[in-house]
Amino acid sequence: MTRVMHNAALDADSESNGAGGEASYGRLATGGLDTTHGAILYLEDISVVFDGFRALNNLSLDIGVGELRCIIGPNGAGKTTMMDVITGKTRPTAGSVFFGQTIDLTRLNEAQIADAGIGRKFQRPTVFEQHTVFENLELAMKANKRVRPTLFARLTGAQRDRIAETLELLRLKGEYRRPAGLLSHGQKQWLEIGMLLMQEPQLLLLDEPVAGMTDAETERTGELLNELRGKHSLVVVEHDMDFVNQIAQGGKVTVLCEGSVLAEGTMEQVQSDQRVIEVYLGR
C-alpha cells in the first residue's frame, strides 16, 4: 500500500484504529511538522536483512499524534531493529519511514532525525553522573551547543522555569543539587526522560523503560508516561505486561513477531488473540 492510499484510509476511517479500539490521533501542536492526516509516524513495508536474516519483514504501522503506543512481542521480534530504523541507526533494506507527511527519515542521519524532533531512550540510563540533576537538564536543553555560546551562556528566566517544571514532573525537585550518579536506578531513568524532554521532542521512543526498577518506581514511571500522553507522541517497547496494562489505557497495542505485525488492538484484545497467546503470552 502506498502512503497516499494509507492516508486516504486514515481519512475514511477517522473514528477507528482498525483494530477495534478508539482512534488515538490527537491535536497537540507539532510546529512545522505536517500531521494533517492525524499521524506523526509512518512505517510502510519496512524490511531489514542482516546477512540473510530478515529482522523486519514488510513491517507497516502508523503512530497517531499524541498517542502512547505500546509495542510488545517475543525476543527477536524486531522491536529494537524497528527503533533503529526510525532513528537512522539502521537503514532499511526496503520500505519507507516518514515523520509526518513530508520528512523521509531514510534520507536523514541520526543527528538530523534527533533535530527533527524524535528522541530515543535506551534501556540503560545514560546521564552525566558527576553533574547535578539540574545541570543534566541544563546540558540537555535544546540550544546552540557550539563551544563559545555554551561557555558564556546564561539561563534565561524562561529556561529556568522549564527546568523547574521538568523537575516537578519527574518528582526530582528535591534532588536538583544531587549528583546524578547518586540517584537510584529509577531516578536516573526519569532524569534521562527529562533530558529528552528538554530537547522538545514531538515523538519519544522508550525501550523497556522499567527494566530493573522496583515496583514503586515502575508505578511512578507509568504515572509519568500517562502524564506525557497527549503532550508528546510516545512509542514504548516493553516486556512487563502489568506495566503495559497500566499505560495502555484502552489505546492500541501492537504485537510484533518475526519482524512484522502479528496483532493490533486494545490490550484486552491482543491478550485474548490465540496467535499472541501461542507465540508470546504462553498460556
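Modeller: Here is a walk through the charged pairs. The model is predicted, so local features need pLDDT of at least 70, side-chain atom pairs count only at pLDDT 80 or more, and totals for chains, interfaces and linings use all residues. Residues are numbered from 1 along each chain as its sequence is written, and side-chain values use heavy atoms, with hydrogens and water left out.

A search of the whole structure gives 14 salt bridges (a side-chain nitrogen of Lys or Arg within 4 Å of a carboxyl oxygen of Asp or Glu).

Take R69 and E67. Their side chains form a salt bridge, N to O, at 2.7 Å. R69 is buried at 1% relative accessibility. E67 is buried too, at 3%. Buried means under 20% relative accessible area, exposed over 50%, and partly exposed in between, with a 1.4 Å probe and protein chains only.

Next, K252 and E264. Their closest N and O atoms are 3.7 Å apart, in a salt bridge. K252 sits in the loop between helix 9 (241–248) and strand 9 (253–257), and E264 in strand 10 (residues 260–265), so the pair ties together parts 12 residues apart in sequence. Helices (H or I, at least four residues) and strands (E, at least two) are DSSP runs, numbered from the N terminus. K252 is buried at 7%, while E264 is partly exposed at 26%.

These two pairs connect: E67, R69, K252 and E264 are linked in a network of salt bridges.

Finally, E223 and R220 meet in a salt bridge at 3.7 Å, N to O. Both lie in helix 8 (residues 215–228), 3 residues apart, about one turn of the helix. E223 is partly exposed at 28%; R220 is buried at 6%.
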